[in-house]
Amino acid sequence: MSKENLRFDTIKIRGGYNSKEHNHSVSVPIYETAAFDLGSTERAGKLFSFSELGFIYSRLSNPTVEVLEKRVAALDGAAGDIALSSGMAAITYTLLNVAEDGGRILTTPYLYGGTLDGFKKLYPKFGIKIDKFEDFNNPEALAKQIKPDTKAIFVESISNPNAAVADIEKIAKVAHEYDIPLIVDNTLATPYLLNPIKYGADIVIYSATKALNGHGNVIAGIILESGKFNWENGKFPQFLEPYYTLRDPEGRARNFIEVFPDFPFITRIRLNYLNYFGAALSPFDAYLVLLGLETLSERIEKQLSNTKKIISYLQESDNVQWIKYPSLNDSPYKELSKKYLPKGAGSVFSFGLKGTDDEIDKFLNSIKLFSYHANIGDSRSLIVNSPKTTHSELTPEEKEFSHIESNTIRLSIGLEDAEDLIWDLEQAFEKTFSEQLQEVLK
Ligand SMILES: *Cc1c(COP(=O)(O)O)cnc(C)c1O
């Protein structure tokens with residue numbers, strides 16, 4: 001076996017790092033430096049003409065951040081990777097890079113609240129139009145939504161908070177028939193549960209804030225590029241624009257595809273969007289994500305096992321109206337979850353509390369162990385009333401379109417003992433409904 005085909009659990013601990021290049025340091029060093037010495041005028045000339053790749057300034061690239069980039073790229077089978085200071089920066093830079101100059105993005109109503117709201121408020125101001133289509137897993141219907149200026153399809157592999165599963169293979173096929181890339185936000189699945197590139201995705205995005213890091217202590221984002229999409233197909237002139245900054249030794253301006261043929265997409269983000277919009281990931285935060293990554297599989301497995309137990313408990317509860325989790329028998333995504341998520345459908349899901357708004361408030365205020373806040377993928381279990389918090393930006397009509405019911409409670413299951421988590425839900429249900437009963441009897 002060669003180093004090139006190491007398996008997932010080895011890559012998550014050792015990928016992208018050679019201690020010999022870092023004073024034999026066993027742990028990845030934190031390169032807390034703004035800039036790097038250029039060495040000599042000759043070397044400076046090479047660095048600035050990209051004939052030698054090296055570090056110049058930490059806004060553009062940094063050795064600690066680069067280990068994270070290489071490691072996640074290897075985990076997902078990507079050709080290139082760029083790490084940024086948030087998941088939102090990863091989404092924004094990706095969509096600007098693909099649709100700048102007035103393009104259109106075709107997406108679904110099943111998205112993270114911040115993404116949905118950004119699409120509504122900000123993207124149109126940058127000239128980017130967003131089309132939301134509900135029946136996205138139906139290839140014929142989806143194809144009809146593609147317009148001449150549609151530049152990409154964007155989906156979440158498992159959506160937040162509704163846990164809708166995207167049929168990536170079919171959607172990628174439609175996208176490629178129209179010469180546009182499929183972009184997948186794979187945050188909820190993580191590379192451990194699903195590798196979208198294997199099914200034809202061209203760009204994969206992570207909010208590394210969530211399960212990749214897994215300890216609720218950083219904000220970070222990642223963009224991966226499969227290296228397979230043909231950016232020269234006539235729809236993306238921005239990749240063929242000659243830049244003086246990319247000139248060859250004779251001073252001839254070149255484009256991104258000439259200089260970085262293996263990963264032109266993320267390099268264009270690095271040299272344009274990261275360089276000038278500046279959402280750089282700090283070396284310290286990259287280090288924390290690397291630390292979290294080392295236990296990714298172990299954490300996800302434990303979270304899956306906890307999730308199973310908690311769902312079984314909720315299924316038996318009289319206080320629960322519905323549960324949305326892709327692999328359940330009554331889920332419309334059961335077959336897709338079998339195909340795309342054979343190891344398990346993640347640890348973020350939602351349920352409907354059978355009760356009034358006041359009872360939902362009482363239930364949340366009675367919770368003792370779950371943390372009540374807006375994050376997911378943490379080692380701690382989290383509970384939140386999505387319609388009033390993480391998705392509160394949506395108007396009542398938008399919530400209906402996105403199928404976010406008013407009694408939605410979202411859980412993100414952590415690493416505690418499942419019995420304690422169940423005890424917490426049980427005591428909160430009891431407090432909410434038994435006291436109500438006493439009121440009635442009075
Ligand atoms: C949290 C989240 C984001 C945004 O990531 P940040 O790191 O918070 O900027 C994007 N997509 C999904 C699915 C998320 O859960």
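The legends below describe close-up views of a predicted model.

**View 1. The shell around the ligand.** The ligand has 15 residues around it, of which Gly-87, Asp-185, Ser-207, Thr-209 and Lys-210 come nearest. Sorted by class, this shell holds six nonpolar, six polar and three charged residues. Helix α4, residues 87–99, gives the most to the shell, with three residues.

View 2. A polar backbone atom of Gly-87 lies 2.9 Å from an oxygen atom of the ligand. For Met-88, a polar backbone atom is likewise 2.9 Å from an oxygen atom of the ligand. Asn-160 takes part through its side chain, where an N or O atom is 3.3 Å from a ligand oxygen. The ligand taken alone exposes 380 Å², and the protein buries 94% of that.

**View 3. Helix α12.** This helix covers residues 296–315, and its end C-alpha atoms are 28 Å apart. The distance agrees with expectation, because 20 residues at 1.5 Å a residue should span 28 Å. The buried residues of α12 include Leu-296, Ile-300, Leu-304, Ile-310, Ile-311 and Leu-314.

View 4. Arg-14 belongs to helix α1, which runs over residues 8–14. Arg-14 counts as exposed because its relative accessible area is 62%, over the 50% cut-off. Arg-14 and Arg-71 are 57 residues apart in sequence, and their C-alpha atoms are 7.7 Å apart in space.

Key
Residues are numbered from 1 along each chain as its sequence is written. This is a predicted model: local features need pLDDT of at least 70, side-chain atom pairs count only at pLDDT 80 or more; totals for chains, interfaces and linings use all residues. Side-chain values use heavy atoms; hydrogens and water are left out. Helices (H or I, at least four residues) and strands (E, at least two) are DSSP runs, numbered from the N terminus. Buried means under 20% relative accessible area, exposed over 50%, partly exposed in between (1.4 Å probe, protein chains only). The expected span of a helix is 1.5 Å times one less than its number of residues. A residue is near a molecule or strand if one of its heavy atoms lies within 4 Å of it. A polar contact is a pair of N or O atoms within 3.5 Å; within protein, one must be able to donate a hydrogen and the other to accept it, and residues adjacent in sequence count only if both atoms are side-chain atoms. Accessible areas come from the Shrake-Rupley method with a 1.4 Å probe; for residues, only the protein chains shown count as cover. Ala, Val, Leu, Ile, Met, Phe, Trp, Tyr, Cys and Pro count as nonpolar, Asp, Glu, Lys and Arg as charged, and the others, Gly among them, as polar.
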